[in-house]
Amino acid sequence: MAENGEEKLLAVARHIAKTLGQNDTMADDILQIFSNFDGRFSREKLSEKMVDEAPRGCAVLERTLNSLDRQISRYLAIDHPIWADSADSSAFLDAIDDLIGTIKDWSSMAAEKSVGACLVRADDLMQQAMFRLEDEFRSLMERGAESFELSRNNHESTGNLSFDSDDENEGNEEALLHNGSDLDHQIPIAQPITDYDIIIDALPSGTINDLHEIAKRMVAAGFGKECSHVYSTCRREFLEESISRLGLQKLSIDEVHKMPWQELEDEIERWVKAANVALRILFPSERRLCDRVFFGFSSAADLSFMEVCRGSAIQLLNFADAVAIGSRSPERLFKVLDVFETLRDLMPEFDSVFSDQYCLVLRNEAVTIWKRLGEAIRGIFMELENLIRRDPAKAAVPGGGLHPITRYVMNYLRAACRSRLTLEQVFDESNVVVPSNKLDDRGSSSSPMSVQMAWIMELLESNLEVKSKIYRDSALCSVFMMNNGRYIVQKVKDSELGSLLGDDWIRKHTAKVRQYCTNYQRSSWNKILGTLKLDNSSLASNAIAKSMKEKIKSFNSQFEEVCRTQSTWVVFDEQLRQEMRISVSRLLLPAYRNFIGRLQCIPEIGRNADRLIRYGPEDIEARISELFEGGNGSSGGRK
């Protein structure tokens with residue numbers, strides 16, 4: 001063995017002399033220097049003909065290759081996994097290490113024809129060894145996952161994550177560990193996830209160490225991409241199965257757009273759960289596994305991780321993108337908000353998990369889609385504005401009650417304001433200049449969201465004013481505006497809308513409601529009060545008596561008609577209804593008592609007064625208390 005080593009050393013020295021020497025004299029000088037430096041480099045040995053150098057050197061290399069070929073070929077011929085026996089795997093790796101070292105040592109002499117031919121043979125042997133290592137790598141990953149699955153199932157642990165599709169509790173995620181084949185009857189149901197700060201070890205530690213040793217040899221031999229490909233293929237299948245078990249379908253953007261809204265709502269709920277589990281558990285676990293298998297080879301680890309997770313990450317992002325560019329119908333706001341908030345909250349996970357150069361495109365795509373979702377939310381509010389503008393003034397609401405558009409818009413805005421912080425973020429990042437007609441008297445200091453809410457209220461109020469013109473009775477027109485105005489103010493005061501619109505807005509619109517109430521009284525009761533106006537006492541008594549008779553008859557007729565009509569009108573708010581009745585009573589009863597008192601004192605009428613007076617004060621009050629009940633039922637009741 002020592003003799004072979006010396007021959008190899010002499011061959012290297014002769015090769016250096018031949019390579020560096022530009023002519024025979026220079027080559028001889030270099031050989032002389034070697035001879036003086038080390039006794040083993042005797043002039044006689046080094047001065048042998050240069051034509052004999054390559055065959056001698058190649059002989060050393062050939063002997064080494066023959067030995068390695070015998071060792072490696074023995075393992076290549078094995079028809080069972082080499083890693084089934086730790087001694088075999090260790091010896092196989094040692095032989096590969098020797099082969100890698102041999103190729104590296106002799107590569108500097110590859111220009112020599114005979115050495116080059118030997119290195120070609122060495123490369124062929126290396127390729128065969130790498131093919132077998134690739135198979136062993138794949139086998140280890142598959143067998144490791146299967147054995148780990150059985151071990152963990154026996155201990156009722158968790159590996160693959162899933163959710164119970166019948167779970168009624170919103171946001172209640174259930175984890176379920178399963179690696180490998182579809183054995184649904186063996187899958188244990190895990191407890192609901194309350195803490196996402198967990199990592200899944202998808203392979204046993206010993207298997208991970210074996211994979212690392214194989215990866216180290218494949219990278220050293222220049223087969224890093226092949227190793228990464230095998231790794232990525234196996235882990236990608238596991239990850240995609242895990243995403244599938246979370247209930248998320250693989251849908252194209254077109255398929256998402258064609259889904260009925262109710263189905264899409266359910267799919268969004270599943271997406272929210274899947275995205276949280278994927279970004280907070282599955283992807284970090286894959287990152288950790290990649291780093292352990294490819295420890296010391298960051299580029300291979302980054303490439304492998306990207307290849308494993310890219311498909312699943314794109315699946316999640318494509319669904320969010322489909323939601324963002326889909327219909328902007330107002331009823332979709334709340335589910336779009338769910339997607340927006342989920343992606344926003346997961347952005348730190350995107351930044352930390354997909355932090356390497358290969359994943360830059362995924363990070364950028366996540367940010368782009370998140371911003372697109374913000375645009376979709378703003379677009380939905382624009383569509384709400386259009387819906388209010390386009391809502392036609394068709395049939396009048398019976399009894400001047402609540403109009404459906406009022407109830408819809410106010411309940412919609414109240415629900416939307418439960419996500420106030422998110423909406424403020426959306427509108428603050430819009431970079432859209434607020435039109436001056438939207439600012440009104442709120443000032444430029446108002447937040448974009450408060451301006452947006454006030455603008456929608458203004459559109460709603462204008463739409464209601466147009467609808468009020470349908471009523472031919474001006475009093476009923478006032479009742480309609482009073483009902484809807486009161487409902488709007490109450491909904492604003494009882495929600496986040498109040499703090500957004502401010503106290504000044506509430507005071508202003510409360511005053512409007514009072515003005516509508518005043519307008520109603522003026523329209524309905526001023527004419528009736530006119531009939532109770534007493535005549536000038538300077539008139540002749542018979543003329544006064546005649547006038548008083550006509551007035552009481554006119555009062556009876558008008559009062560009866562007003563009560564008959566307005567008993568079918570609606571005032572949905574009980575407090576407002578009582579306030580209006582009291583107000584009418586206070587307006588009418590004093591004048592009526594005064595009038596009938598005077599009527600009873602007129603001599604010409606005398607005993608006939610009781611026949612003329614159809615209603616006593618108590619009767620008047622009783623009839624007023626029946627106003628605004630909505631007849632057989634109010635279609636404008638409050639909800």
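Reply: Let us begin with the ground rules. This is a predicted model, in which local features need pLDDT of at least 70 and side-chain atom pairs count only at pLDDT 80 or more, while totals for chains, interfaces and linings use all residues. Residues are numbered from 1 along each chain as its sequence is written, and side-chain values use heavy atoms, with hydrogens and water left out.

Me: What counts as a salt bridge, and how many salt bridges does the rule give?

Reply: The term is used for a side-chain nitrogen of Lys or Arg within 4 Å of a carboxyl oxygen of Asp or Glu. Under this rule the count is 32 salt bridges. One of them joins E383 to R390, with the closest N and O atoms 2.9 Å apart.

Me: Are E383 and R390 buried, partly exposed or exposed?

Reply: The general idea is a scale of relative accessible area, on which buried means under 20%, exposed means over 50%, and partly exposed lies in between (1.4 Å probe, protein chains only). On this scale E383 is partly exposed, with a relative accessible area of 27%, whereas R390 is exposed at 55%.

Me: Which residues are linked in a network of salt bridges?

Reply: Such a network is formed by D97, E213, K216 and R217.

Me: How should I read the packing of two helices, and at what angle do α12 and α14 cross?

Reply: Two packed helices are described by the angle between their axes and by the distance between those axes. The axes are lines fitted to C-alpha atoms, for helices over the stretch in contact, and the angles run from 0 to 180 degrees between N-to-C directions. Angles under 35 degrees count as roughly parallel, over 145 as roughly antiparallel, 65 to 115 as roughly perpendicular, and the rest as oblique.

The axes of helix α12 (residues 333-345) and α14 come within 10 Å and cross at roughly 155 degrees, and the two helices are therefore roughly antiparallel to each other. Their crossing is left-handed, a term that applies if the near helix is turned anticlockwise from the far one by less than a right angle, with right-handed used if clockwise. Contact means heavy atoms within 4.5 Å, and the residues making it include L333, V336 and F340 of α12 and I369, W370 and F381 of α14. By class, this contact has 14 nonpolar, 1 polar and 1 charged residues, where Ala, Val, Leu, Ile, Met, Phe, Trp, Tyr, Cys and Pro count as nonpolar, Asp, Glu, Lys and Arg as charged, and the others, Gly among them, as polar.

Me: Are α8 and α11 roughly parallel or roughly antiparallel?

Reply: The axes of helix α8 (residues 224-245) and helix α11 (residues 298-324) come within 9 Å and cross at roughly 30 degrees, and α8 and α11 are therefore roughly parallel. Their crossing is right-handed. The residues in contact include R235, R236 and E240 of α8 and E307 and Q315 of α11, and by class the contact has 7 nonpolar, 5 polar and 4 charged residues.

Me: Which residues does G399 touch, leaving out those up to four places away in sequence?

Reply: G399, in the loop between α14 and α15, touches L476, V479, T568, W569 and V570. G399 is buried at 13% relative accessibility.

Definitions and conventions:
Helices (H or I, at least four residues) and strands (E, at least two) are DSSP runs, numbered from the N terminus.
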